Amino acid sequence: RTHHKRNGSTQASWKIRKEALDKAADIITKNRNRISLTSFDFFNELKGRYSDSNKNLVIQALDLTSLLALSLGNGFEKNALRIIILPATATLADNK
């Protein structure tokens, strides 16, 4: 099982926030896109990135969300989707 720590995900510096997103994506890819989460708190942290002032981090967060959806399969649909569907949809509807 893969455990995600909240290191950097709410930091003020965009570089630290980017590093946290990179680290999460790296964990998934190193595990051949096959992970399981013991807690879905990570998605609460991830949805905070959807409204980030740095649009590159918003895009990276959406990419990470799709990677997580593929990796978790039914676990994503059953648990995480309800947490992030509204914020992700609002982000995608943003004209910027």
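Predicted model: local features only at pLDDT ≥ 70, side-chain atom pairs only at ≥ 80, totals over all residues.

Residues are numbered from 1 along each chain as its sequence is written, and side-chain values use heavy atoms, leaving out hydrogens and water.

**Exercise 1.** Work out whether Thr 65 is buried or exposed, and what it touches.

Start with its place: Thr 65 sits in helix 3, residues 55–72 (helices are DSSP runs of H or I, at least four residues, numbered from the N terminus). Next, its relative accessibility is 9%, so Thr 65 counts as buried (under 20% relative accessible area, 1.4 Å probe, protein chains only). Finally, leaving aside residues up to four places away in sequence, Thr 65 touches Leu 46, Tyr 50, Phe 76 and Ile 84 (contact means heavy atoms within 4.5 Å).

**Exercise 2.** Find the aromatic pairs in the whole structure.

The search gives two (ring centres of Phe, Tyr or Trp, with its six-membered ring, within 6.5 Å; planes under 30 degrees apart are stacked, over 60 edge-to-face, the rest tilted). Phe 42 and Phe 43 pair edge-to-face, at 5.9 Å centre to centre and 70° between the planes. Phe 43 and Phe 76 also pair edge-to-face, at 5.8 Å and 65°.

**Exercise 3.** Decide whether Phe 43 is buried or exposed.

Phe 43 has 0% relative accessibility, so it counts as buried.

Note on methods:
Helix = DSSP H or I, 4+ residues; strand = E, 2+ residues; numbered from the N terminus. Buried < 20%, exposed > 50% of the residue type's maximum accessible area, 1.4 Å probe, protein only.
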